[in-house]
Amino acid sequence: MSDTFLTSAAWLAVLAIAVSAVLFGLEARQPTRQARDARADRNRRIGAVLSISGPFTVVLLALGIAAMTGAWLTVAVIAFAAVGVVALAGLVLAPH
C-alpha cells in the first residue's frame with residue numbers, strides 16, 4: 001500500500017467520524033422541560049455546541065496542523081481520536 005493511499009484513507013475516516021458525530025449530535029437538543037438550575041442549563045447548552053460544531057472544529061484544526069507540520073498521517077490518527085473525545089464530551093454534557 002502506498003503512503004498516499006493510507007493517508008487518504010485515514011483522512012476519509014476522520015471525515016466519516018466527524019459527519020457521524022455531528023449527525024448524532026443533532027439529537028442533543030434542549031429538552032422540553034426547564035432545567036432545575038442554571039448550571040445544568042449551561043452544561044446542556046455547552047454539550048449541544050460541542051456535539052454539533054465540535055467535530056468539524058477539530059477537523060479544521062487538524063487540517064491546519066497537518067498543513068503546517070507535514071505529518072498528515074499522524075495528525076489524521078490524532079484527529080480521529082479527538083473527534084471521538086469531543087463527541088463524547090458533548091454527549092455527557094447534553095445526554096438528551
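**Reading terms from a predicted model**

Colleague: Why does S20 count as partly exposed?

Modeller: The relative accessibility of S20 is 45%, and since buried means under 20% relative accessible area, exposed means over 50%, and partly exposed is what lies in between (1.4 Å probe, protein chains only), S20 counts as partly exposed. This is a predicted model, in which local features need pLDDT of at least 70 and side-chain atom pairs count only at pLDDT 80 or more, while totals for chains, interfaces and linings use all residues. Residues are numbered from 1 along each chain as its sequence is written, and side-chain values use heavy atoms, with hydrogens and water left out.

Colleague: Where does S20 lie, and what does the chain consist of?

Modeller: S20 lies in helix 1, and the chain has 3 helices and 0 strands, where helices (H or I, at least four residues) and strands (E, at least two) are DSSP runs, numbered from the N terminus. Read along the sequence, this gives the pattern α-α-α. From S20 to P55 there are 35 residues in sequence, and their C-alpha atoms are 9.2 Å apart in space.

Colleague: How do you know what span to expect for helix 1?

Modeller: The expected span is 1.5 Å times one less than the number of residues. Helix 1 (residues 3–25) has 23 residues and reaches 33 Å from its first C-alpha to its last, which is close to the 33 Å expected.

Colleague: Which residues of helix 1 are buried, and what do they pack against?

Modeller: The buried residues of helix 1 are T7, A10, W11, V14, A18, A21, V22 and G25, and they pack against helix 2 and helix 3 (72–93). Contact here means heavy atoms within 4.5 Å.

Colleague: What makes the pair of W11 and W72 edge-to-face?

Modeller: The structure holds 1 aromatic pair. Rings of Phe, Tyr and Trp (its six-membered ring) pair if their centres lie within 6.5 Å, with planes under 30 degrees apart counted as stacked, over 60 as edge-to-face and the rest as tilted. The ring centres of W11 and W72 are 5.9 Å apart and their planes stand at 70°, so the pair is edge-to-face. W11 lies in helix 1 and W72 in helix 3, so the pair ties together parts that are 61 residues apart in sequence.

Colleague: Why is W11 called buried, and how does W72 count?

Modeller: W11 has a relative accessible area of 11% and is therefore buried, whereas W72, at 34% relative accessibility, counts as partly exposed.

Colleague: Why does A66 count as buried, and what is A66 in contact with?

Modeller: A66, placed in helix 2 (residues 38–69), has 0% relative accessibility and so counts as buried. Leaving aside neighbours within four places in sequence, A66 is in contact with W11, A71, W72 and V75. A66 and A76, 10 residues apart in sequence, have their C-alpha atoms 8.0 Å apart.

Colleague: How large is the kink in helix 2, and where does it lie?

Modeller: The kink is about 50° and lies at S53, shortly before the proline P55; the bend at a residue is the angle between axes fitted to the seven residues ending there and the seven starting there.

Colleague: What makes a set of residues a nonpolar core, and which residues have the most contacts inside the largest one?

Modeller: A nonpolar core is a set of buried Ala, Val, Leu, Ile, Met, Phe, Trp, Tyr and Cys residues joined through side-chain atoms within 4.5 Å. The largest has 15 residues, and those with the most contacts inside it are W11, V14, V59, A62, V75, A76 and V83. Helix 1, helix 2 and helix 3 each supply at least two residues of this core, and helix 3 gives the most, with 6 residues. Not counting residues up to four places away in sequence, V83 touches I17, A18, A21, P55, V58 and V59.
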